[in-house]
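Morning, everyone. Let's look at this structure together, starting with charged pairs and then moving to the nonpolar cores.

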Amino acid sequence: MSRAVRNLTRSVIATGAVAATVAVGAPPASAATYTGYVQGACAQAAGTAYRSQLKIPVTELRVPLVNWLGQTVNTFNATTAYMTMNVEWCTNGSRITYATIAQSNADRTSGGAASNLERKSYQKAGTPPTAVGGPYTLTTSASWGRNGEITISASPFNVGGEAKFGLANFTSTMTVKVHPTNGTVECTGTSGGNAEPCSLNY
């Protein structure tokens with residue numbers, strides 16, 4: 001390891017920023033928007049109930065691929081975990097009458113488990129479901145960590161060779177906003193400060 005890399009690693013750890021292969025600093029991407037699926041009459045308030053299940057990946061960037069000597073020969077982006085949010089809301093046609101996180105989760109992929117990534121904490125927050133009119137903002141947050149370096153097969157990521165994962169300490173967030181007039185659901189995600197794409201989770 002070069003002196004410059006050692007100094008950068010010490011700086012990252014000292015400042016509490018994301019360590020090792022998880023990059024930081026990229027601005028969030030434009031939000032994905034969805035309209036949801038009709039569930040029938042709303043049980044909690046006036047109007048019709050809708051539900052949408054959304055998902056983001058949790059990606060560690062520029063993970064080294066190494067040869068038998070431990071030398072880096074390439075890098076790749078590894079999805080080591082994911083977050084899901086099942087959002088339910090009601091609308092009477094002109095405004096939102098109810099919205100809540102029906103179910104949510106943050107867990108490792110098989111590759112994340114093999115690389116010793118651990119979920120350290122998980123939190124949910126949002127506008128109270130009974131705050132009629134909205135807009136509603138629903139958020140989940142997970143912190144992740146890896147306490148040491150580990151070299152594993154990169155096959156869980158559909159990549160050939162050996163992947164070397166380093167120390168990690170970062171947070172991923174998932175935010176869903178339900179807009180009051182048309183029931184549009186806006187979804188954004190970040191991991192280690194980098195934008196993550198949001199998609200429907202079937």
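Start with E88. At 11% relative accessibility, E88 counts as buried, because buried means under 20%. Keep in mind that this is a predicted model.

What does E88 pair with? Its side chain meets that of R51 in a salt bridge, 2.2 Å from N to O. R51 sits in strand β3 and E88 in strand β4, so the pair ties together parts 37 residues apart in sequence. R51 itself is partly exposed, at 27% relative accessibility.

How many salt bridges are there? The count comes to 3.

Next pair: R146 and E60, at 2.7 Å, N to O. R146 is in strand β7 and E60 is in strand β3, so this bridge ties together parts 86 residues apart in sequence. Are these two buried or exposed? Both are buried.

Then E149 and K164. Their closest N and O atoms are 3.6 Å apart. E149 lies in the loop between β7 and β8, K164 in strand β9, 15 residues apart. E149 is exposed at 55% relative accessibility, while K164 is partly exposed at 28%.

Now the nonpolar side. The largest nonpolar core has 26 residues. Which have the most contacts inside it? L54, W144, M174 and V178. Strands β3, β4, β5, β7, β10 and β11 each supply at least two residues of this core.

Take V178. Leaving out residues up to four places away in sequence, V178 touches several partners, including V87, W89, I96 and Y136. Apart from this core lies another, of 10 residues, with A78, I150, A154 and F157 among them.

Terms used. Residues numbered from 1 in each chain as written. Predicted model: local features only at pLDDT ≥ 70, side-chain atom pairs only at ≥ 80, totals over all residues. Heavy atoms only, no water. Core = buried A, V, L, I, M, F, W, Y, C linked by side-chain atoms within 4.5 Å. Buried < 20%, exposed > 50% of the residue type's maximum accessible area, 1.4 Å probe, protein only. Helix = DSSP H or I, 4+ residues; strand = E, 2+ residues; numbered from the N terminus. Contact = heavy atoms within 4.5 Å. Salt bridge = Lys/Arg side-chain N within 4 Å of Asp/Glu carboxyl O.
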